[in-house]
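Thank you all for coming. Today I would like to walk you slowly through one structure, and I will begin by putting it on the screen.

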Amino acid sequence: MHDHRTRRLLAGAAAALALLTGCAAGGAGTSDKSGAERADHSGGHPAPSAPRPGDDGLAQGGDPSGGDPSEGDPSEGDPSPSRLSTFALDVDTASYGYARRTLADGALPEPSTIRPEEFVNSFRQDYERPDGDGFSVTVDGARTGEDDWSLVRVGLATRTPRTTGERPPAALTFVIDVSGSMAEPGRLDLAQRALGTMTDRLRDDDSVALVTFSDEAETVLPMTRLGEASDRARVHDAIDSLEPADSTNLGAGVETGYATAVEGLRAGATNRVVLVSDALANTGDTDADSILERVSTARREHGVTLFGVGVGSDYGDALMERLADKGDGHTVYVSDETDAGKVFAEQLPRNVDLTARDAKAQVAFDPRTVEEFRLVGYDDRRVADEDFRDDRADGGEVGPGHTVTALYAVRTTPGARGRLATATVRWLDPTTRAPHETSGRLEAGALHGSLSAAPARFQVTATAAYFADFLRQGADGSGALPAAPPLSRLKERADDLAEKTEDGEVRALAEAIGEASRLRG
């Protein structure tokens with residue numbers, strides 16, 4: 001019953017499948033506003049999984065395990081595990097940044113460094129945002145024109161950042177790699193300039209500490225309040241004094257950094273470790289799980305989160321990504337002054353607070369309308385379906401101004417009508433740790449008729465995902481997404497979208513696709 005193309009899609013399932021995103025155009029999906037701030041009182045213990053595929057989800061006053069029973073769901077009880085997809089939220093973008101840097105240096109990135117969700121999450125979205133902490137949920141999609149395959153997006157957004165004066169104070173411990181490999185231009189020198197600019201952007205009630213590491217770790221500056229000009233001068237002097245030294249004992253750096261953060265812990269503040277490194281650990285403990293286990297008390301009891309900033313043309317992507325995932329944080333990659341300015345001078349000072357802890361999403365697909373589905377990426381962020389409402393299970397930390405997109409390749413039943421999917425996001429309040437949920441859903445009739453008929457931002461994200469899929473395939477470059485275009489056509493689409501959106505980031509995507517096409521020959 002499957003044709004040749006469908007069989008190839010099934011065979012390629014291990015790669016990333018499907019795609020993605022865009023704005024919620026009229027009727028392209030719904031978000032359950034009534035449940036947006038519904039607190040769940042499960043007390044942190046396991047509870048039933050997300051809404052049943054035939055239900056409306058978390059309607060106001062509804063049963064947390066599903067919607068209104070009067071709707072008559074033909075599937076008895078909760079959906080079978082084969083109809084659920086559960087993952088921890090992730091706002092990392094380092095994979096895309098490092099891929100661009102590698103292409104600019106004249107080489108194709110290693111397939112193992114390609115994480116499709118980080119390509120998708122690198123671009124601006126236009127999801128509706130909630131008024132307070134927590135998330136809005138947008139679910140939409142478009143038909144690909146290949147059999148019954150569609151690309152479905154689950155889009156989550158947090159509130160816009162508060163003005164600088166409204167956010168909580170920050171207590172930031174910078175852990176800076178000063179090993180010999182950081183002497184390369186665009187590593188330590190770039191970090192020093194960016195940190196200096198950020199120091200000037202922080203508020204007087206913010207605090208900064210500085211830890212360095214090479215073969216050993218050292219606290220260069222204990223937690224220092226930036227209340228006076230002389231205090232900022234001390235921070236600038238400490239930053240300017242940094243010089244590259246010997247080997248890379250990243251484990252010692254992280255352990256000393258967390259110890260310094262705990263020593264300078266501030267109640268009511270956002271306490272965060274900011275690790276700046278090429279992550280080329282070669283001395284001491286080099287295992288991410290082991291390193292973070294040694295600082296587990298700081299992470300779990302004191303709520304200290306990790307923000308990883310990768311630098312350098314030769315970069316330990318896997319180690320940094322693992323550290324951030326296990327350290328309740330996220331990673332970015334900076335390759336030049338522009339990237340560094342965005343991260344240190346704009347994003348980090350503005351987004352030092354959190355809006356959600358241990359955030360997880362669960363998507364329930366309706367077996368009456370969906371024959372097959374696969375999540376694109378999030379390979380290291382999958383969560384057992386039964387742990388969705390177990391608040392002891394680790395999720396992702398998300399701050400204001402962020403969007404998170406999950407992409408699915410979905411094969412619908414012929415002539416499908418009615419509900420396709422219900423997406424639910426669950427998170428803990430960053431202060432009280434009270435659990436909350438909200439959900440959104442998608443009907444078959446709301447699918448855009450084609451990718452070209454979808455909104456521009458949907459098309460941008462689809463283009464980024466197709467590009468990631470191409471790079472992830474390795475030597476054959478055959479691709480696994482439905483209706484995947486050749487690179488030459490993908491470049492044309494990206495050029496058109498760059499002109500339509502007038503977005504410099506989309507122009508940079510088009511250039512990266514062009515570089516890959518030339519290198520592939």
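This is a predicted model: local features need pLDDT of at least 70, side-chain atom pairs count only at pLDDT 80 or more; totals for chains, interfaces and linings use all residues.

Gln-125 sits in the loop that runs between helix 3 (116-120) and strand 4 (136-143), and its side chain makes a polar contact of 3.3 Å with the side chain of Thr-461.

Now let us turn to the aromatic rings. How many aromatic pairs does a search of the whole structure find? The search gives 11 aromatic pairs, and one of them is formed by Phe-87 and Tyr-378, a tilted pair with 4.7 Å from centre to centre and 40° between the planes. Phe-87 belongs to strand 3 (residues 84-88), while Tyr-378 lies in the loop between strand 13 (370-375) and strand 14 (396-398), so that this pair links distant parts of the chain, 291 residues apart. Both of these residues, Phe-87 and Tyr-378, are buried.

A further pair is that of Tyr-96 and Phe-123, which counts as tilted because the ring centres are 5.3 Å apart and the planes are at 55°. Tyr-96 is in helix 2 (residues 94-104) and Phe-123 is in the loop between helix 3 and strand 4, so the pair ties together parts that are 27 residues apart in sequence. Tyr-96 is buried at 4% relative accessible area, and Phe-123 is buried at 2%. Finally, ring pairs link Tyr-96, Phe-119, Phe-123 and Phe-467 into a cluster.

Key:
Residues are numbered from 1 along each chain as its sequence is written. Side-chain values use heavy atoms; hydrogens and water are left out. Helices (H or I, at least four residues) and strands (E, at least two) are DSSP runs, numbered from the N terminus. A polar contact is a pair of N or O atoms within 3.5 Å; within protein, one must be able to donate a hydrogen and the other to accept it, and residues adjacent in sequence count only if both atoms are side-chain atoms. Rings of Phe, Tyr and Trp (its six-membered ring) pair if their centres lie within 6.5 Å; planes under 30 degrees apart count as stacked, over 60 as edge-to-face and the rest as tilted. Buried means under 20% relative accessible area, exposed over 50%, partly exposed in between (1.4 Å probe, protein chains only).
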